[in-house]
Amino acid sequence: MSTIVLLLITGLGLGALYFLVASGLSLIYGLMGVLNFAHGSFLTIGAFIGWEVARRLSDGSWWALVAAMLTGAVVGALVAAATEFFLIRRLYNRHIEQVLVTVGLALASVALFEGIWGTDPTYVTSPSWLGQTTEILGARIPNNRFMLILVAVLVLVAIVLFLKFTRYGLIVRAGVENRLMVTALGIDVRRAFTLVFAIGGAAAGLGGVLASIYYGYVSAHIGGSLLIFAFIVTVIGGLGSLAGAAIASVLVAVLQQFANFYLGGTGDLAVVLALAAVLLLRPRGLMGAKA
Amino acid sequence: MSTTSRTNILTVRNLYGRIEGQQVVEDVSFDVPDTGVTALLGRNGVGKTSTIKSILGLIDRTGAITLAGRRVDRLPTHKVVQLGVGYVPEDREVFGKLSVAENLKLAERSAHPNRALVEELFPDLVQRHAQLAGTLSGGQQQMVSLARALLNQNRLLLVDEPTKGLSPKIVTEVTQALLAAAKTVPILLVEQNLQVIRQLADRVVVLSGGRVVFTGEAAELLDDPERIQRYLGVHSGADHSSTDHSNTEQVPA
């Protein structure tokens, strides 16, 4: 029983990380039809700069962690908005070029990060409570998992409130359905594009700081490794569906944890098989729109 | 009705339109007066919808398009619309996952939208404001589509096949709504239903093979069965005053 509780809650924690990356990917694809392979770079730079700020303030304190998370989110948002404005905007509806540019940016940014911060992982110091455990139903759960889950839920609620109760949220929801018709109502949908990139980048940057707590370090490849699973989550959840991304994040991460424990470390394989099953049986994903 | 006293709200000169490299509008020129309804007619596939989309910039276009004296052919779609163009697209294109109220809210371009007019013309929409637009009937969706355009103070309405696929009763309601709208704003109307054209149109522009082949008063065309047959491929002979659309003439595919 305690093992199942442990796997479930650590799975939820990992799912929280996947959601922070996948939510932006899904929103960006849903509104703009852009598969953004550079999304992992927003996560990585958010993590690096966030921890640089934390280190200079007060390593290991709560307020340094909060500063790191805020910095990570802001840096992620700014880099993502700049990417949309300077690179992607000229390439809407040119999907091959989008893939080439975002893949190129992802590769170049990893090289840049390695040039600045080196190729070895940089270990981070977080508040001591996060390194401790709490016992639930006999399972000793690492405390940082609770924080990951809490932050992901807050981000999900914030995005839902934004989509439901703001004019730009309304534009984004309409744009996901029919982008051209939104412009035909006199709305400059490009601003919504930049905003959605910024929101996705902020979630990724925040996810970068949290991922480095989860793994205990930050490296130039942390974004790329999470991005693979975030893409899988986005496809399983249904491209463009925020709710689908949230549900699929949890399902994928929990499946991964259970398969790793009970099936001899085959978590990644189980996730890929789940992706194949979804593509074969329900190509639009769990909650994606019909083609 | 004389055209000499009119000024034009829209002039289109040498308009070419392309979709994915394919020429769909070819050297089209016409004017839309600043009052009344101008119908853009032609057989299916001649480029009527593409002409409307070219004016709005929804497809690639070249040529000179002037709205109220201002060139708009290099402006993006949203800027053309912000200059005072309302658009009612073919097939309604309401946002199915948004409520009726959200569809209308999204369309509001000013702080003082004309909600009273919309509520007067389409009282059913008031009752259904919280309903998802995707769950409405085709006629109700058309009302949402028309209401989105009529909410704003426009200089011109571009209305593309507003009665397509609707029941005779709803066709009558849509026609009445457009008649009411035409009292305050000029309309460029694409329509297949000749009964509706008879009730609404003051002038007609006929396209064939992507080009304009006839421009003139609506009666000049509609009272000439030979021209209707030649340009639109349909026999005309219905009672012009009839509002019963159970036997309406349709321009064929």
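This is a predicted model: local features need pLDDT of at least 70, side-chain atom pairs count only at pLDDT 80 or more; totals for chains, interfaces and linings use all residues.
Start with what UniProt says. An unreviewed entry places the feature "transmembrane region" at several spans of chain A, among them residues 6-27, 193-215 and 261-281. Two of these spans can be followed in the model. Residues 193-215 of chain A are 100% helix and 0% strand. The end C-alpha atoms of that span are 32 Å apart. Residues 261-281 of chain A are 81% helix, again with 0% strand. Here the end C-alpha atoms lie 27 Å apart.

Chain B carries another kind of annotation. UniProt, again in an unreviewed entry, places "domain: ABC transporter" at residues 10-234 of chain B. Over that span the chain is 37% helix and 28% strand. Its end C-alpha atoms are 29 Å apart.

Now look inside chain A. A:Gly11 sits in helix 1, which covers residues 2-32. Is A:Gly11 buried or exposed? A:Gly11 counts as buried, because its relative accessibility is 0%. A:Gly11 and A:Val254 are 243 residues apart in sequence, yet their C-alpha atoms are 4.3 Å apart in space. Leaving aside neighbours within four places in sequence, A:Gly11 touches A:Ala253, A:Val254 and A:Gln257.

A:Leu255 is partly exposed, because its relative accessible area is 34%. Beyond its neighbours within four places in sequence, A:Leu255 is in contact with A:Ala270, A:Val271 and A:Ala274.

Turn next to the interface. How many residues of chain A are in contact with chain B? There are 19, and they meet 20 residues of chain B. The size of an interface is often given as the accessible area lost when the parts come together. For chain A and chain B that area is about 1700 Å². Carbon and sulfur atoms give 63% of it. On the chain A side, A:Glu177, A:Met181 and A:Leu185 supply 34% of the area that chain A buries against chain B, more than any other three residues.

Polar links cross the interface as well. Seven residue pairs are in polar contact across it, with both residues at pLDDT 80 or more. Two elements give two or more residues to the side of chain A that touches chain B: helix 7 (167-177) and helix 8 (179-183) of chain A. Helix 7 gives the largest share, six residues. By class, this side of chain A has ten nonpolar, three polar and six charged residues.

Side chains of opposite charge can pair when their charged atoms come close. Over all chains, the structure holds 20 salt bridges. One salt bridge is found across the interface of chain A and chain B. This pair runs from B:Glu102, in helix 3 (residues 100-107) of chain B, to A:Arg173, in helix 7 of chain A. The closest N and O atoms are 2.8 Å apart. B:Glu102 is buried, because its relative accessible area is 16%.

Other salt bridges lie within a chain. B:Asp124 and B:Arg128 meet at 3.3 Å, N to O. Both are partly exposed: B:Asp124 has a relative accessible area of 28%, and B:Arg128 has 27%. B:Glu220 and B:Arg227 form another salt bridge, at 3.9 Å, N to O. B:Glu220 is partly exposed at 40%, and B:Arg227 is partly exposed at 22%. In chain A, salt bridges link A:Glu52, A:Arg55 and A:Arg56 in a network.

Note on methods. Residues are numbered from 1 along each chain as its sequence is written. Chains are lettered from A and ligands numbered from 1 in the order in which they are written. Side-chain values use heavy atoms; hydrogens and water are left out. Contact means heavy atoms within 4.5 Å. Buried area is the accessible area (1.4 Å probe) that two parts lose on being put together, summed over both. A salt bridge is a side-chain nitrogen of Lys or Arg within 4 Å of a carboxyl oxygen of Asp or Glu. A polar contact is a pair of N or O atoms within 3.5 Å; within protein, one must be able to donate a hydrogen and the other to accept it, and residues adjacent in sequence count only if both atoms are side-chain atoms. Helices (H or I, at least four residues) and strands (E, at least two) are DSSP runs, numbered from the N terminus. Ala, Val, Leu, Ile, Met, Phe, Trp, Tyr, Cys and Pro count as nonpolar, Asp, Glu, Lys and Arg as charged, and the others, Gly among them, as polar. UniProt positions are given in the numbering used here, feature names are shortened, and annotations may be inferred rather than shown by experiment. Buried means under 20% relative accessible area, exposed over 50%, partly exposed in between (1.4 Å probe, protein chains only).
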